[in-house]
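Okay, thanks for coming, everyone. Let me put the structure up, and then I'll talk through it.

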Amino acid sequence: MKEKVRVASGQGFWGDMLTAPIDQVRKGPIDYLMLDYLAEVTMSIMQKQRARRPEAGYARDYVSLIKEILPDIIEKDIKVLSNAGGVNVMGCAEAIRDVAQELGHKGVKIGVITGDDIMPRLQEFLDKGIEINNMDTGEPLADILDKVQAANVYLGARPLVEALDQGARIIVGGRLTDTGLTLAPLMHEFGWTFDNWNQLAIGTIAGHIIECGGQCSGGNCQYDWQNIPDLEDIGFPIIEAYPNGEFVVTKHENTGGIVSIPSVKEQLLYEMGDPHEYITPDVVADFTTINLTDDGENRVRVSGIQGKENTEFYKVSIAYSSGWKSVGTLVYSYPDAYEKAKAADRILRKRLENLGLEFDVILTEFVGVNATHGHLSGEPPKDIPEVQLRIGVRGQNRDDITRFTKEIAPLILTGPPAVTGFAGGRPKVEEIMAYFPALIPKDLIETKVEIIET
Amino acid sequence: MKVELTKLAHARSGDKGDTANVGVIALKDDIYPILVREVTAEKVKEHFGEIVKGDVERFELPNLGALNFLLHESLGGGGTLSLMTDAQGKTFSTALLRMHVDISDEEADSLGIA
């Protein structure tokens, strides 16, 4: 057994710093690289891409990354885990295989995890009488079934461990939990088992700490933010785990940012619900048992973590079409910038009304005055230099939303003076994807682990 | 005396659907009991006013010197449904730190707050 295992975070979301995973591989020693590509909205975007082009539907960035780092990870024996496969896991795995073959690497094992995509099975579940209801509202799935754009189960560490046990160098899955991507290597290396709730909670919380990349190593950190060094060269976080269940959060030497008790605390609380019950497919972790201690410069030691038995359900994320929206903006300048922006808002709303357009919601924000903190910001200074009017609409009728987008630019020559900021042209009309979170019994889901080899 | 919470805590916020969460972390260990006493769910609900349409829940994490708040129905529907600039609740952390709380003169002295 290894004395310690280093799992590095390379990507906190689809669109994160492209250089981060490359730096993790090249700037110091690591054993595993984990990359999270999937936000809730991502799956429905990928389903749409795949509907247009059957070979699409996954994060192409991941394939480009593998092309760049493959020689490094083979030489240094690093394994890579990610959920970049989106809604076309096999397509992603095959693209990686092709890249490895182009580069002349033989015997590279690619682990492919499927079974999370249950969109084709929803009708089958309903026919069998299985209740799938919105966890928040209680609404039954049948009410929105014809509008569903994506439906994926959150899979845990189990198939990842299986793929590692079978010798996979690069693992690709779809809707895998971000925490499982960190937990699985620790289970594989240390021989941890799926009935040891404390060990599962340890790996899960380690995963939570690094799953948002730089957000735990100095990015978006409020504590003493002015003195966080060299963010232009931020080092993404690394978990250095030990067989006894303790781990250290750190980053490579000679990188920017900071790993400190405050930076780790902020990330621990990110998107937190009930801290006693952080539920994943693998375990229910208790965040009130976490003990943090200073372990030197850019090192925080984590111990004491406890967990409880997991639940019998998987969480399902279902995305469905729910109308249309658009947001337009204009910038008004001194003098009376705020008054002008408010007058423009009144004029625009009256015109929309006169046109007989119907919206579910119209929202006006004044950027520079109240867009982030609302009324808590108080009244702006009289001589405020500029204010951006930002007005958004949403509704079920696409034509009405499109008509709205044609009413923004006319305000420039037919409304209050000293206005600019319209260079982008008419605002875009976007389809709204609403979420339907639900639970489904685990025994209905079949996950599959395959290995393809170059 | 009244002090702005920024003097006592740092924070991070995020979203789960139409619920924003705000984690409030004591700047020093001995501040945590003041947060527990002063930053109650009721006061947080009152502070946000019309911004939070649903309930406010509070959870205590004494091990981290932190409180976690869930602000239900506060993100204009959440996700891609929301028209808000801050549909993910990223700035609710600093919005909560605008709150003013009561501390005694002795507490202010021992914490070095003028």
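I'll go through the interface first, then some salt bridges.

Quick housekeeping: this is a predicted model, so local features need pLDDT of at least 70 and side-chain atom pairs count only at pLDDT 80 or more, while totals for chains, interfaces and linings use all residues. Residues are numbered from 1 along each chain as its sequence is written, chains are lettered from A and ligands numbered from 1 in the order in which they are written, and side-chain values use heavy atoms, with hydrogens and water left out.

On the chain B side, 38 residues touch 44 residues of chain A, where contact means heavy atoms within 4.5 Å. The buried area comes to about 3600 Å², and carbon and sulfur atoms give 56% of that. Buried area here is the accessible area, with a 1.4 Å probe, that two parts lose on being put together, summed over both. Within chain B, the residues losing the most area to chain A are B:Arg12, B:Thr80 and B:Leu83, together 25% of what that side buries.

How many residue pairs are in polar contact across the interface of chain B and chain A? The rule finds 31, both residues at pLDDT 80 or more. A polar contact is a pair of N or O atoms within 3.5 Å; within protein, one must be able to donate a hydrogen and the other to accept it, and residues adjacent in sequence count only if both atoms are side-chain atoms.

Which elements does chain B use? Those giving two or more residues to its side include strands E2 (9–16) and E3 (19–26) and helix H2 (41–48). Helices (H or I, at least four residues) and strands (E, at least two) are DSSP runs, numbered from the N terminus. E2(B) gives the largest share, 7 residues.

Now the salt bridges, meaning a side-chain nitrogen of Lys or Arg within 4 Å of a carboxyl oxygen of Asp or Glu. Over all chains the structure holds 32.

Buried or exposed? B:Arg12 is buried at 2% relative accessible area, and A:Glu266 is buried too, at 0%. The cut-offs are under 20% for buried, over 50% for exposed, and partly exposed in between, with a 1.4 Å probe and protein chains only.

Helix H9 of chain A (261–268) is mostly covered, with 7 of its 8 residues buried. Those buried residues pack against several elements, among them helix H8 (197–210) of chain A and both E2 and E3 of chain B.

Two more pairs, this time inside chain A. A:Arg390 and A:Glu365 form a salt bridge at 3.1 Å between the closest N and O atoms. That pair links distant parts of the chain, strands E16 (386–395) and E15 (361–367), 25 residues apart, and both residues are buried. A:Arg301 and A:Asp295 pair at 3.3 Å, but here A:Arg301 is partly exposed at 23%, and A:Asp295 is partly exposed at 25%.
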